[in-house]
Amino acid sequence: MAHLSTNKEEIKTAIVEFIKNFHRKPVESATTEEKYQATVYALRNIIMDKWSKTHDEYYEKDVKIVYYLSMEFLMGRFFGNSILNLKIFDEVKEALDELDIDYNALEEAEPDPGLGNGGLGRLAACFLDSLSTMEYPAYGCGIRYQYGIFRQKIEDGYQVEYPDHWLKNGDPWCIKRNEYAIEVNFGGNVHAVKKEDGEYKFVQENCQTVIAVPYDYPVVGYGCNTVNTLRLWEAKPKHRLDLKSFNEGNYEQALAEQNLVDTMTNVLYPADDHYQGKELRLRQQYFFVSATVQRAIQRFKKNHDDFSLLPEKVAFQLNDTHPAMTVAEIMRVLVDDNDVPWDQAWDITRQVCAYTNHTIMSEALEKWPMELFSRLLPRIYQIVEEINRRFCLALIERFGNDPEKIRNMAIIADGQIKMAYLAIVGSHSVNGVAALHTEILKTKELSEFYEIYPEKFNNKTNGITQRRWLLHANPELASLITSKIGDGWITDLDQLRGLEQFVDDEDFINQFMEIKVRNKKRLASYIARKTGVIVNPDSIFDIQVKRLHEYKRQLLNILHIIHLYYKIKNEPWTDITPRTFIFGAKAAAGYQRAKLIIKLINNVADVINNDVSIEGKIKVVFMENYCVSLAEKLIPAADVSEQISTAGKEASGTGNMKFMLNGAVTIGTMDGANVEIFEEVGRENIFIFGLSADQTHALAVGGGYDPWVLCNMDQDIRIALNQLINGTFSKDDPELFRDIYNSLLNSDGGRADEYFVLADFEAYRRAQMEVDKAYKDKKKWARMALMNTARSGKFSSDRTIRQYADEIWGIKPLKIED
């Protein structure tokens with residue numbers, strides 16, 4: 001049901017008036033882009049009252065608010081999701097139909113900005129959806145990147161990065177809030193000033209000041225009046241133009257400050273394999289942390305002058321290590337700007353900060369060179385030094401003078417500042433994001449911290465929002481489910497258990513699988529349009545879409561495809577169910593081996609897709625520029641969900657949950673949330689293979705693993721590897737994939753096959769044979785697919801957010817009345 005004040009005629013009038021007033025033309029003459037913008041402004045008319053009322057209530061009732069700090073927010077398109085959450089789809093669709101405007105064309109007109117790089121940013125987006133739907137007071141806080149991470153193009157099989165010009169036609173969803181702009185300081189020097197009470201105050205001078213300007217985006221809750229805010233900060237220079245230099249003809253110098261500041265919020269994750277890149281990343285992190293903390297405390301001070309109340313009114317959640325400087329920045333604002341004594345400020349800081357660890361990968365547990373950190377952030381460095389000094393004294397008091405232990409646990413050691421350690425020491429909660437991941441943190445990676453802070457550690461298994469990933473992405477399936485069990489699942493995903501009563505209902509099962517077929521046909525048409533590759537909708541759609549990293553093992557997938565291709569070529573009588581392997585992935589711009597794996601996938605695809613002798617038994621497709629809107633097309637069409645990371649390396653994964661919700665069957669290792677998916681669906685409804693986390697850890701630390709032994713003993717492995725370097729997939733340059741070959745077999749100063757691709761190859765091959773066998777039994781496969789959907793209730797982000805709210809933040813929902 002639509003909001004009472006919303007009707008079709010109001011929407012039509014708003015669209016017509018906008019196009020007339022802003023473009024001086026009638027609707028029928030407007031471009032698709034102009035119609036899209038007009039419809040967004042019509043929606044804003046509806047949203048704005050709810051948004052204003054929400055924040056008025058937060059102020060009036062003086063509620064506790066959580067600030068969710070993340071470098072990434074991979075929101076996807078706002079248009080369709082907002083309409084569904086407002087529950088006005090029918091009204092909007094009818095209004096557009098009567099104006100002869102194509103609803104689907106408007107959805108496609110909206111840019112899908114790459115303000116994230118995968119699971120971290122998409123999780124943050126799902127969390128914001130759940131926070132609004134469950135009526136919890138919250139802000140999402142990040143950076144408004146002008147060009148996102150990058151727009152990926154595949155040229156001659158290679159990834160090529162281009163700027164993502166998502167703002168070129170404006171940004172109709174946001175409100176620029178100049179009145180909340182914040183000054184953020186970099187560089188300069190710090191000196192102590194003696195105050196009247198004899199204490200010293202530290203002042204940063206001769207610094208570069210950057211203005212952080214907030215842009216607010218509405219996050220609409222489903223079926224309620226709550227509209228929370230995603231606040232993205234953009235950097236602006238304090239002095240836009242040095243007019244004296246300009247008039248002297250020194251044009252570059254006149255704009256030097258403008259250009260330097262612009263780089264700060266241009267791109268997500270600039271390459272940091274050089275000093276300038278490292279400095280830019282550090283600037284970005286401090287920029288949005290400082291702006292968020294300063295604004296949150298300004299807001300608190302409107303109603304309070306007693307900082308001991310701050311933990312009752314504010315919570316900061318650090319989404320991975322990128323916002324770890326929040327700890328030091330809160331101390332700076334309390335101690336330097338508000339004269340709170342250190343000990344009191346430290347007690348407050350630890351009560352308001354909570355840290356989510358998302359990975360055990362060393363490159364994500366950030367460490368900054370002391371020289372860079374102290375030069376760029378001199379006062380923050382002093383504060384971190386003092387936090388570290390006090391922490392080390394506490395370690396000595398507890399463990400005695402054990403230099404090695406102190407060195408291992410110190411926040412500052414060996415010329416580096418360890419940001420994860422700062423976050424742990426400065427927070428009251430440290431959570432992992434899947435049961436296995438949390439156990440690894442407690443028993444291995446962070447075991448020394450768990451020993452002294454056991455009360456801080458807890459698990460919050462990740463989740464996804466069913467509003468986007470089923471209701472919006474797979475409307476036919478959503479409609480079928482609602483027709484059988486009602487629509488309560490939209491806000492209570494556990495209700496999907498009600499589908500189990502239909503597991504032997506032939507009519508329901510047929511409808512369930514017919515929807516999958518239609519989704520596959522739509523995807524096949526899309527693939528043909530975008531890539532020119534013709535795929536068979538009756539084949540198994542086997543999909544692996546995620547960030548390209550060696551531990552996620554896209555390489556294991558493509559090596560198995562190489563093996564399968566060889567087998568079909570040399571044993572054409574092989575009975576194999578036709579299969580379409582679909583990949584989507586971006587590799588970090590500076591990650592050369594990951595980019596080479598993309599090239600390998602595309603070269604293999606080119607050879608296989610053009611080999612008529614295999615009669616289309618397998619096809620390989622790489623979909624460029626993987627993003628949320630592409631995921632919404634791929635996931636509902638998947639039969640098989642590839643979740644094949646090296647056990648112990650994937651913290652959780654959320655793609656596995658999205659595929660499961662849409663009736664795909666997982667093939668995966670016992671890693672991350674796969675373990676909990678296995679527990680929910682049972683062994684008979686998932687394909688598990690490979691080494692366990694304990695086994696990979698034992699091999700990694702104990703040695704004794706020699707991939708050459710496997711290569712020598714296993715003909716399938718040997719043949720597949722040889723095809724990497726014999727020109728089968730690179731006839732003009734047989735050495736093209738030598739680096740990949742060497743990474744699997746030759747240590748080259750490191751550990752060969754670091755991610756145990758070859759160690760798991762045979763188990764993966766057997767699991768894939770089981771997939772093929774199971775798919776041939778249509779009734780069995782349909783049952784497996786349905787059971788995955790029915791058992792996905794645990795993996796709603798609503799459940800996760802309720803746990804954060806109750807167990808970490810201590811916030812309560814606030815119902816916003818009409």
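Helices (H or I, at least four residues) and strands (E, at least two) in these legends are DSSP runs, numbered from the N terminus. This is a predicted model, where local features need pLDDT of at least 70, side-chain atom pairs count only at pLDDT 80 or more, and totals for chains, interfaces and linings use all residues. Residues are numbered from 1 along each chain as its sequence is written, and side-chain values use heavy atoms, with hydrogens and water left out.

**View 1. Pro475 in helix H21.** Pro475 sits in helix H21, which covers residues 475-485. How accessible is Pro475? The relative accessibility is 48%, so Pro475 counts as partly exposed; the scale used here calls a residue buried under 20% relative accessible area, exposed over 50%, and partly exposed in between (1.4 Å probe, protein chains only). Also look for Ile515: 40 residues separate it from Pro475 along the chain, and the two C-alpha atoms are 9.7 Å apart.

View 2. For a disulfide, two cysteine sulfur atoms have to lie within 2.5 Å. By that rule, the count is zero disulfides. Take Cys141, which is in no disulfide: the nearest cysteine sulfur belongs to Cys353 and is 13 Å away. Cys141 is buried, at 2% relative accessible area. Then there's Cys392, whose closest cysteine sulfur is also in Cys353, but 20 Å off, so it's too far for a bond. Cys392 counts as buried too, with a relative accessibility of 14%.

View 3. A salt bridge here is a side-chain nitrogen of Lys or Arg within 4 Å of a carboxyl oxygen of Asp or Glu. Searching the whole structure turns up 59 salt bridges. One of them joins the side chains of Lys12 and Glu98, at 2.8 Å from N to O. This pair ties together distant parts of the chain, with Lys12 in helix H1 (residues 8-23) and Glu98 in helix H4 (residues 89-98), 86 residues apart. Lys12 is buried at 17% relative accessible area, while Glu98 is partly exposed at 42%. The pair also belongs to a salt-bridge network that links Lys8, Glu9, Lys12 and Glu98.

**View 4. Glu386 and Arg390 along helix H15.** The side chains of Glu386 and Arg390 meet in a salt bridge, 2.7 Å from N to O. Why are Glu386 and Arg390 separated by about one helical turn? Because they are four residues apart in helix H15 (residues 378-399). Arg390 is partly exposed, with 34% relative accessible area.

View 5. Glu807 forms a salt bridge with Lys460, and their closest N and O atoms are 2.8 Å apart.

View 6. Strands count as paired if DSSP finds at least two bridges between them. Strand E3 (residues 151-155) and strand E4 (residues 158-162) pair in the antiparallel sense, over five bridges. Lys153 stands opposite Val160 in E4. The two strands form a hairpin with two residues between them, and Asp156 in the turn has a positive phi of about 55 degrees.
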